[in-house]
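Visitor: Please show me the protein you have here. I would like to ask about it piece by piece.

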Amino acid sequence: MPLKQLFEEVMNNYIVAKTSQPFKGNRMGEILRNEIPNAIQKFSFIGGDFIVKGSCGQGNWAEIPWVAIMHKSVTKTTMEGVYIVYLFSSDMKRLYITLNQGCTKLKDEYGKAKAIEKMMSIATSIRDKLNPKGWKTDDNISIGNEFYEKGMIFYKLYEKDNIPSDEVLKSDLNDLINIYIDYILSTRNSREESMQKEDMTNTFNIKEEITNIKNYIRSRGFLYDDKLIENYYLSLKTKPFLILAGISGTGKSKLARLFAEAIGATAENSRFKLVPVRPDWSDSTDLLGYKDLNGRFHPGVLTTFVKDAMENPQKPYFFVLDEMNLARVEYYFSDVLSIIESRNRIDKSIVTDKLLNRELLPQKWRKILFDLQ
């Protein structure tokens, strides 16, 4: 079926379906989720780097049905990022093809008002960088959803009784795809320039920071080989877990404490904690915690420490296990090691899988350990 005809079928029948017909198995769902995306996917300029997805709601009718075209390098979900999306107005009198933004994650993080403010700022910033090539950038857009309207970057309007031919629809989408690609390229260039500047700044800052750490340790009357301190620093930068090996009494625990103090993490401010490993540790309950027979959760020493660290992500925290070999490491620490290996960079943050199973925790701990990043 031609794309024009599919759009017209939605605009002619969606309100009736939404107000008087069952959601499950409805023809509108088939058109929006499958037939329109499949028709778009067949266009030669829609390659494997694009995801085409449509929706009329999840379990219930959406007020605004849509069909989105997302470049995988930008986003794979309509909850965030920049993408192309066809938006049907709530009264089904207008269809907009737009370069738009995902709002869900912004709304969850900042609330409605702040999220809209950020979306408008992003839209302005993108318009300043790109040639609109005749596409509209004004705010004369009436969809029935404020987030879609305020997140709009570029758009073109099709009236219900004047949907253009498939040739025009295809040409318009191709034009907007080219603008979208211009956006992707400009973003990559900006990111590369930013990374180059950041690398140069970081190189200077690292040298200065290591020097300051060395000077602090010497000021406390302790002498360690410069290479040892440098390797300690770089190891922590690479992965926030390292093992100091050697015979007892050679200053391993002291180095960890002095290093932490040098960058502001002390026992007094609760950002440094040294925990002696006991020979009877046979599982992770001492570190992570457990739920008693009454269903109460008792946090372990590491869980409590992690909670504090998550509430202050801009500050360094050091957790030291002293004499780790006194108990079988795979018995009491394997869960934590697995989580460390799941580290991944998202934007400018490092995140991991969850430390504890959600079912183990009471509500207040779920909020802390699952809703913070």
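Visitor: Is Thr98 buried or exposed?
Guide: The model is predicted, so local features need pLDDT of at least 70 and side-chain atom pairs count only at pLDDT 80 or more, while totals for chains, interfaces and linings use all residues. Residues are numbered from 1 along each chain as its sequence is written, and side-chain values use heavy atoms, with hydrogens and water left out. Buried means under 20% relative accessible area, exposed over 50%, and partly exposed in between (1.4 Å probe, protein chains only). Thr98 has 0% relative accessibility, so Thr98 is buried.

Visitor: With which side chain does the side chain of Thr98 make a polar contact?
Guide: Thr98 is found in strand E4, residues 94–101. Helices (H or I, at least four residues) and strands (E, at least two) are DSSP runs, numbered from the N terminus. A polar contact is a pair of N or O atoms within 3.5 Å; within protein, one must be able to donate a hydrogen and the other to accept it, and residues adjacent in sequence count only if both atoms are side-chain atoms. At 3.1 Å, the partner is the side chain of Asn100.

Visitor: Which residues is Thr98 in contact with, leaving aside its neighbours within four places in sequence?
Guide: Contact means heavy atoms within 4.5 Å. Leaving aside those neighbours, the list for Thr98 is Tyr83, Ile84, Val85, Leu87, Ile141, Met152, Phe154, Tyr155 and Leu176.

Visitor: Where is Met92, and what is its relative accessible area?
Guide: Met92 is in the loop between strand E3 (82–88) and E4. Met92 is not a glycine, although its phi is positive, about 60°. Met92 counts as buried because its relative accessible area is 1%.

Visitor: Is Glu323 buried, partly exposed or exposed?
Guide: Glu323 has a positive phi of about 60° although it is not a glycine. Its place is the loop between strand E9 (318–322) and helix H11 (329–332). With a relative accessible area of 34%, Glu323 is partly exposed.

Visitor: How are H1 and H2 oriented, roughly parallel or roughly antiparallel?
Guide: Helix H1 (residues 3–20) and helix H2 (residues 27–41) pack at an angle of about 160°, with their axes 10 Å apart. Axes are lines fitted to C-alpha atoms, for helices over the stretch in contact, and angles run from 0 to 180 degrees between N-to-C directions. Angles under 35 degrees count as roughly parallel, over 145 as roughly antiparallel, 65 to 115 as roughly perpendicular and the rest as oblique. The angle therefore makes H1, relative to H2, roughly antiparallel.

Visitor: What is the handedness of the crossing of H1 and H2?
Guide: A crossing is left-handed if the near helix is turned anticlockwise from the far one by less than a right angle, and right-handed if clockwise. For H1 and H2 the crossing is left-handed.

Visitor: How do the residues of the contact of H1 with H2 divide by class?
Guide: H1 contributes residues including Leu3, Leu6, Phe7 and Glu9, and H2 contributes residues including Arg27, Met28, Ile31 and Glu35. Ala, Val, Leu, Ile, Met, Phe, Trp, Tyr, Cys and Pro count as nonpolar, Asp, Glu, Lys and Arg as charged, and the others, Gly among them, as polar. The division is 12 nonpolar, 1 polar and 3 charged.

Visitor: How are H7 and H8 oriented, and what classes of residue make their contact?
Guide: Helix H7 (residues 226–238) and helix H8 (residues 252–262) have axes 12 Å apart and an angle of about 70°, which means that H7 is roughly perpendicular to H8. The contact is made by Leu228, Ile229, Tyr232, Tyr233 and Leu236 of H7 and Leu255, Ala256 and Phe259 of H8. By class, the contact of H7 with H8 has no polar and no charged residues, and 8 nonpolar.

Visitor: Which backbone oxygen does the side chain of Lys72 reach?
Guide: Lys72 lies in the loop between strand E2 (66–71) and E3, and it is partly exposed at a relative accessible area of 40%. Lys72 touches Gly48, Asp49, Phe50 and Ile51, not counting residues up to four places away in sequence. At 2.9 Å, its side chain reaches the backbone oxygen of Gly48.

Visitor: How many of the 373 residues of the protein count as buried?
Guide: The protein has 13 helices and 11 strands. Of its 373 residues, the buried share is 37%.
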